[in-house]
Every structure is written in C-alpha cells, then in structure tokens.
Amino acid sequence: MSRRILVLTSGTGSGHDMRARAFAEWIRHFHGNRIEVRIEQVIENASLLGRFGVWVYNTIHRRAPFLHNLYFFIVEIFISSHQGSVSFGGRYYRRLLKTFQPDLILSVHDSTNRGYFEDARRILGKDIRCVTYCGEFSGGFGYSRNWVNPTADHFIARTEEARQYAIRLGIPPHRSSVFQRLLPPAAFQAGFSHADREALRRQLGLDPDRFTLFLATGGYGANHHLAFLRHLLPLAERLQVIVICGRDKALHESVLRWSQCHPSLRTYVEGYSTRVSDFLHISDAILTRGGANTTMEALHAECPLLYNSLGGLMPQEQCTVRYVLNHGAARRLRKPRDLPAILRSWASFGPDYAEVRAHLRGLQRDEDPRRLIQSVLGERFFPETTPIS
C-alpha cells in the first residue's frame, strides 16, 4: 500500500508552487511510485474569497508592490483566525482530508499552517505527521507569524537566521532544522562548463564572451524591463541581455518590439520560460525582484544579484533582500539610472564584482537532498527512506 503526502501551497507569487513541485520531484527520484504526492493550491481552491485574495496579491505585486505593506497586515490578521481550525475554506480542506487520507502533510506556504495541522489531527488521528518548510531567508519585518505552528512535528527553515527567528516565535528547537536548496533534482546536476556556456550563448544569438545580464521576472510578470533596457543602451558595446517576461504576453510583445528597434544592444527575449536555471548558469549577473526562489537559484548558480526595488519592496521580499545585502552578496537598485553605474564596474569583472561573487559563494551550504527528505518524512512513518552515509 503506497503512502500519501498532501503538499499545501498557493499561487501567491510562484516560489511556493515551485518548492512544492521540487519536493514532489525528489520524492519520485528517491521513492518512485511508492509514495503518492498531491500538490494542492488550497487557498484559492477552497473558496471564492481565497481565490480573490490570491488575485489581489499577484495584481499588486505586478502593479504597486508598496501596497503589500498594507496587504501583509490584513492577511496576518485574517489568517490568525485559524487557531484551532481552518475558518475560511475549511469545509473544502476538511473534505479533502477525508477523501485523500494523507499520511503526511507538508506546508510550503505561510498561510497553510495554523488550523490546518489541527484539523488534520482531528480528522485523521494524532499520528498524522505535519511538517512546514519555510522558504524565508531571514526573520524580522516581512516574516509572517503564520509560518509558525508550534504543534508542527518538524519545521525546516531556509537559513539558520530564519530558524532562530522561528524558535523565538514558538517552534521547539529540537523539532527544527535547516535546508537551504529546495530546488528540483535537475538543479543538482553537474554545472555548465565553459564550453557549455559558450554553446548556449551562441544558440541564443549572443556573444560567447561578452558580459551577460539576465533580466528576470516571476511567473506573473512583475518587472521594469523596458525602463532598465533604455538605461543599458549606452553600454551596448560592453554587455548583452537575456530577458524573460513570465506570463505577461503584452510585456513579451513590447520587449520584442523594443529590441528590434534597438539592435545595438544584443538582446534575447523569451516569454514564460522553463530555462531559468540554464540562463542563470550562462549569465554574469541577474536583475530581479527579491523573490526567495529566484534568489536561491542565483545563489546555487553563483550568479551575482541586482535587486529591483522600484515601486518599493514587498514585506516578503524584504526578508530575502535584507539577508543577501547584509552578507554583501548583492546590490540594490532604487531607480533605473542606478544600473549603468554598477554595470560599468561589473562588466569589466573588476574587484567590486569579484567581491560580490565571493560573498555569494560564502552563503552556499553543502547539502544532501536526502537529508531534506528524511527531515520531512521521518523514519517512523517512512522507514524505507534512503539512508545517508
């Protein structure tokens, strides 16, 4: 009889869902079909109100990030009502528990901990294992208290700083651990060689030796690509650009038209991309919002970060940006005109660029993904987990 894992997530941004999919891929990698994983966007699937809230989140993420400073507190209060049981969308969730009958629940979203674990134990019995994976890089403002359900069987933090903050909020230290790179198995394969980098750059129509900047965006298209591209024109002889546009088709068409009108700046443009990891490995820097997953992928690929904070940072982004900036592994842009000054130095691979890259490497952890899987599954429930030598 196969075991069942229910992964609770939501499409607020794209990072939570990406981590859910990465976990499911690792389960298939180690356990094949012996464990069934169901990924559930439980907030938007459970109620119209939840679906509306997710839409509002993603809309202001694209259009007015500073409004998240208000929205953040509204959600904090809203989810605090889920103390002993899920209030909003609870009927859907409890029906899901009864029909799917999971052996383990993994929450990868801040709003799917409080009340969710209590309902699971009430319906499925006290032996149901409940685990949280928190993707934040640091504590402080922007770290949702809803990540912390002290009754969790295990709490996994992205960094030691975030773990210590969770302990301050009530997580028992002996039921917590750290695992940084919740990325899919493909990300752990051998990195790009110099020849691989050159080959892919040529395939994209780029110069194999020129400094390459990656303008990234989340799946829902939060960006200021055109504003930054205009400020890169004076550096057209020194660098080239890879641009992805997420699911924003209008943006994709606008950037394509812009690049055709300005051929002096060599530019490769793609819409929604499944090649983010590849692009990071062939880029010399990435310009992005402060998303935790994009930051983690950049850290893994050793690609120095430039943070786009135009329109303000979301509280959740501040957890990431604060951590990376405090460790000297990135630079922050407040206006588009800040970009050329940094890139004039970085494009020559000078001391400033070397320093940032060295700090970035210093943040990496040497980790075995089997450690993560064992922390989630627990030996009592899943003794067949591949042992770590």
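Me: At what relative accessibility does Glu302 count as partly exposed?
Reply: This is a predicted model, with residues numbered from 1 along each chain as its sequence is written. Local features need pLDDT of at least 70, side-chain atom pairs count only at pLDDT 80 or more, and totals for chains, interfaces and linings use all residues; side-chain values use heavy atoms, without hydrogens or water. Buried means under 20% relative accessible area, exposed over 50%, and partly exposed in between (1.4 Å probe, protein chains only). Glu302 counts as partly exposed because its relative accessibility is 23%.

Me: What is the phi of Glu302?
Reply: Glu302 lies in the loop between helix 12 and strand 11; helices (H or I, at least four residues) and strands (E, at least two) are DSSP runs, numbered from the N terminus. Most residues other than glycine have a negative phi. Glu302 is a residue other than glycine with a positive phi, near 60°.

Me: How far apart are the C-alpha atoms of Ala358 and Glu302?
Reply: Ala358 has its place in helix 15 and is partly exposed, because its relative accessible area is 45%. Ala358 and Glu302 are 56 residues apart along the chain, and their C-alpha atoms are separated by 8.9 Å.

Me: Within what arc do the buried residues of helix 15 fall?
Reply: Helix 15 covers residues 351-362 and reaches 16 Å from its first C-alpha to its last, close to the expected 16 Å (1.5 Å times one less than the number of residues). Its buried residues are Tyr353, Val356 and Leu360. These line one face of helix 15, because seen down the axis (by the directions from the axis to the C-beta atoms) they fall within an arc of 65°.

Me: Which residues are exposed on the other side of helix 15?
Reply: The buried residues of helix 15 pack against other elements, among them strand 7 (211-215), helix 12 (292-301) and helix 14 (338-346); contact means heavy atoms within 4.5 Å. On the other side of helix 15, the exposed residues are Pro351 and Gly362.

Me: Which residue, just after helix 8, takes a positive phi?
Reply: Helix 8 (residues 194-203) has Arg197, Glu198, Leu200 and Arg201 as its buried residues. Strand 7, strand 8 and helix 11 are among the elements that cover them. Just after helix 8, a positive phi of about 80° is taken by Gly205.

Me: With the side chain of which residue does the side chain of Ser10 make a polar contact?
Reply: Ser10 lies in the loop between strand 1 (3-9) and helix 1 (15-31), and it counts as buried because its relative accessibility is 0%. A polar contact is a pair of N or O atoms within 3.5 Å; within protein, one must be able to donate a hydrogen and the other to accept it, and residues adjacent in sequence count only if both atoms are side-chain atoms. At 2.8 Å, the side chain of Ser10 makes such a contact with the side chain of Glu44.

Me: How many disulfides are there by this rule?
Reply: A disulfide is a pair of cysteine sulfur atoms within 2.5 Å. By this rule the count is zero.

Me: How far from the sulfur of Cys134 is the nearest cysteine sulfur?
Reply: Cys134 is buried, because its relative accessible area is 0%. Cys134 is in no disulfide, and the nearest cysteine sulfur, in Cys319, lies at 8.1 Å.
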